[in-house]
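Dear colleague,

Please find below the structure that I am handing over to you, followed by an account of what was found in it. Kindly keep in mind that the model is predicted.

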Amino acid sequence: MSFEPRILSFNCHWCSYAAADLAGIMRIQYPPNVRIIRVMCSGMVHSNLVVEAFQKGADGVMVTGCRQGECHYVDGNRKAEMRMVVVEEMLDTLGLEQERFRLVWCSSSEADRFVAAVREMTETVRALGPSPYRSNGGLDRDDTEEFPCPSR
């Protein structure tokens, strides 16, 4: 049985999420292994969120945001870059390969760049094999918490 990795991608609302959306509009297909979480800015993704994703069984995690100098919040992508240095150090502590994490910059018009990053990440993680944390049930566990959305 072939291994299909589960990859979580935190996408900046203004750029990389729009690029993923544009890929859909342009009917550019990318592996369905990626689950996208839209955030307002890549700078809002705390390193603990990335580590928690790995601990819950994600085989790979991507943080994607605006290109340098194009952040809607001026320096959010620089903050993300600094935070993700910590993630790389934490991966060693967790015993995970550095290749399981990737920081990607793309603008809202770069659907092809986003798709290429997803394809590369999927192939890289597929070659690495399942995360050791996945065997603990990981994202398949049925004890996930649901939080009510106050706007609904």
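**Findings: cavity, sheet and helices**

The structure holds 1 cavity of 30 Å³ or more. The volume of this largest cavity is about 30 Å³. Its lining is formed by Cys12, Trp14, Cys41, Ser42, Gly65, Cys66, Cys71, His72, Tyr73 and Asn77. By class, 6 of the lining residues are nonpolar and 4 are polar, with no charged residues.

Turning to the sheet, 4 strands form an open sheet in the order β2-β1-β3-β4, with parallel pairing. Strands β2 (34-39) and β4 (101-105) are the edge strands, each pairing on one side only. From one strand to the next, the twist averages 20°. Strand β1 (residues 7-12) and strand β3 (residues 60-65) run parallel and are joined by 5 bridges. Within this pairing, isoleucine 7 has glycine 60 of β3 as its bridge partner.

Two helices may be described against the sheet. Helix α1 packs on the sheet and touches β1, β2 and β3, its direction making about 110° with that of β1. Helix α3 (residues 76-94) also packs on the sheet, where α3 touches β3 and β4; the direction of α3 makes about 165° with that of β4.

Finally, helix α1 (residues 16-25) packs against helix α4 (residues 111-128) at an angle of about 95°, and their axes are 8 Å apart. The two helices are therefore roughly perpendicular to each other. Ser16, Ala19, Ala20, Leu22 and Ala23 of α1 make the contact with Ala111, Phe114 and Val115 of α4. These contact residues comprise 7 nonpolar, 1 polar and no charged.

With kind regards

Definitions and conventions:
Residues numbered from 1 in each chain as written. Predicted model: local features only at pLDDT ≥ 70, side-chain atom pairs only at ≥ 80, totals over all residues. Heavy atoms only, no water. 1 Å grid on protein atoms, 1.4 Å probe; cavity = no way out; pocket = protein on both sides within 12 Å on 5 of 7 lines; lining within 4 Å. Points joined across faces, edges and corners; volume = space filled by probe spheres on them. Nonpolar A, V, L, I, M, F, W, Y, C, P; charged D, E, K, R; others polar. Axes fitted to C-alpha atoms, helices over the stretch in contact; angles between N-to-C directions. Parallel < 35°, antiparallel > 145°, perpendicular 65-115°, else oblique. Contact = heavy atoms within 4.5 Å. Pairing = 2+ DSSP bridges.
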